[in-house]
Each structure stands twice: as structure tokens, then as C-alpha cells.
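Me: I would like to go through this structure with you. Could you take my questions one at a time?
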Amino acid sequence: MPSRTIREVLPFADSGEVSPELLELLAAEHDRLDRQMTDLRDVRDRLHDCITEARSHHGTGSPS
């Protein structure tokens with residue numbers, strides 16, 4: 001979690017209470033992480049495709 005989010009969560013953690021605000025904050029962080037993971041998987045898959053394409057042309061004299 002970013003330090004900004006941790007600073008927002010700490011008061012709730014200290015009190016031991018689970019408030020609607022805390023749940024909303026944690027759900028938003030969960031959603032942010034899901035989006036980031038999806039973006040990273042997409043970039044990884046595109047990179048994999050580039051590597052596969054480059055390897056298939058390596059040494060064949062074909063343009064990439």
C-alpha cells in the first residue's frame with residue numbers, strides 16, 4: 001500500500017474498529033491493485049509476444 005493509504009488506515013487500526021470508511025478505503029485500494037495487476041499482465045503478455053516474434057526471426061534474415 002502507498003504510504004498515503006497507510007497513514008489513512010492507521011487511525012482505524014489503532015482504534016480496532018471497522019468503520020464503513022475503513023472498508024471503503026480498503027476496497028478502493030483492492031480495486032487499484034487489481035487494475036495495476038491487469039495492466040502489468042497486459043504489458044508482460046505484449047513483451048512476451050515481442051520476444052517470441054524476435055526469436056522466430058533471429059538468424060533467418062527476415063525483418064522484424
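Me: Is Glu29 buried or exposed?
Reply: In this predicted model, Glu29 is buried, because its relative accessible area is 7% and the cut-off for buried is under 20%.

Me: Which residue forms a salt bridge with Glu29?
Reply: The partner is Arg32, and the closest N and O atoms of the pair are 2.6 Å apart. Side chains of opposite charge can pair when their charged atoms come close.

Me: Where do Arg32 and Glu29 lie?
Reply: Both are in helix α2, three residues apart, which is about one turn of the helix. Arg32 counts as partly exposed, at 28% relative accessibility, whereas Glu29 is buried.

Me: How many salt bridges does a search of the whole structure find?
Reply: The search finds two. Besides the pair of Arg32 and Glu29, the side chains of Asp45 and Arg44 meet in a salt bridge, with an N to O distance of 3.3 Å.

Me: And what is the relative accessible area of Asp45, and of Arg44?
Reply: Asp45 has 39% and is therefore partly exposed. Arg44 has 51%, so this residue counts as exposed, the cut-off being over 50%.

Me: Staying with charge, how many positive and negative charges does the chain have?
Reply: There are 8 positive and 13 negative charges, and their mean positions are 7 Å apart.

Me: Let us change topic. What does the secondary structure of the chain come to?
Reply: The chain has two helices and zero strands. Its radius of gyration is 21 Å, well over the 11 Å that the globule rule gives for 64 residues, so the chain is more spread out than a compact globule.

Me: What box do the C-alpha atoms fill?
Reply: Along the principal axes, the box is roughly 65 × 15 × 15 Å.

Me: How much of the chain counts as buried?
Reply: Of the 64 residues, 9% are buried. The accessible surface comes to about 5500 Å², and carbon and sulfur atoms account for 58% of that surface.

Me: Which residues make the nonpolar surface patch?
Reply: Met1, Ile6, Leu10 and Leu26 make the patch, which covers about 360 Å². One of these residues, Ile6, is found in helix α1, residues 3-15. Ile6 is partly exposed, because its relative accessible area is 39%.

Me: Where does Phe12 lie, and what is its relative accessibility?
Reply: Phe12 is also a residue of helix α1. At 22% relative accessibility, Phe12 counts as partly exposed, because buried would require a value under 20%.

Me: What separates the C-alpha atoms of Phe12 and Leu22?
Reply: They are separated by 6.8 Å, with the two residues 10 apart along the chain.

Me: Now Ala28 and Val18: how far apart are they in sequence and in space?
Reply: Ala28 and Val18 are 10 residues apart in sequence, and their C-alpha atoms are 15 Å apart in space.

Me: Lastly, which helix holds Ala28, and why does Ala28 count as partly exposed?
Reply: Ala28 lies in helix α2, which spans residues 20-57. Ala28 counts as partly exposed because its relative accessible area is 42%.

Key
Residues are numbered from 1 along each chain as its sequence is written. This is a predicted model: local features need pLDDT of at least 70, side-chain atom pairs count only at pLDDT 80 or more; totals for chains, interfaces and linings use all residues. Side-chain values use heavy atoms; hydrogens and water are left out. Helices (H or I, at least four residues) and strands (E, at least two) are DSSP runs, numbered from the N terminus. Buried means under 20% relative accessible area, exposed over 50%, partly exposed in between (1.4 Å probe, protein chains only). Patches are made of residues with over 30% relative accessible area and no salt bridge: like charges are joined within 9 Å, nonpolar side chains (Val, Leu, Ile, Met, Phe, Trp, Tyr) within 5 Å. Accessible areas come from the Shrake-Rupley method with a 1.4 Å probe; for residues, only the protein chains shown count as cover. A salt bridge is a side-chain nitrogen of Lys or Arg within 4 Å of a carboxyl oxygen of Asp or Glu. The radius of gyration is taken over C-alpha atoms; the globule rule is 2.2 Å times the number of residues to the power 0.38. Lys and Arg count as positive and Asp and Glu as negative; His and the chain ends are not counted. The place of a charge is taken as NZ of Lys, CZ of Arg, CG of Asp or CD of Glu.
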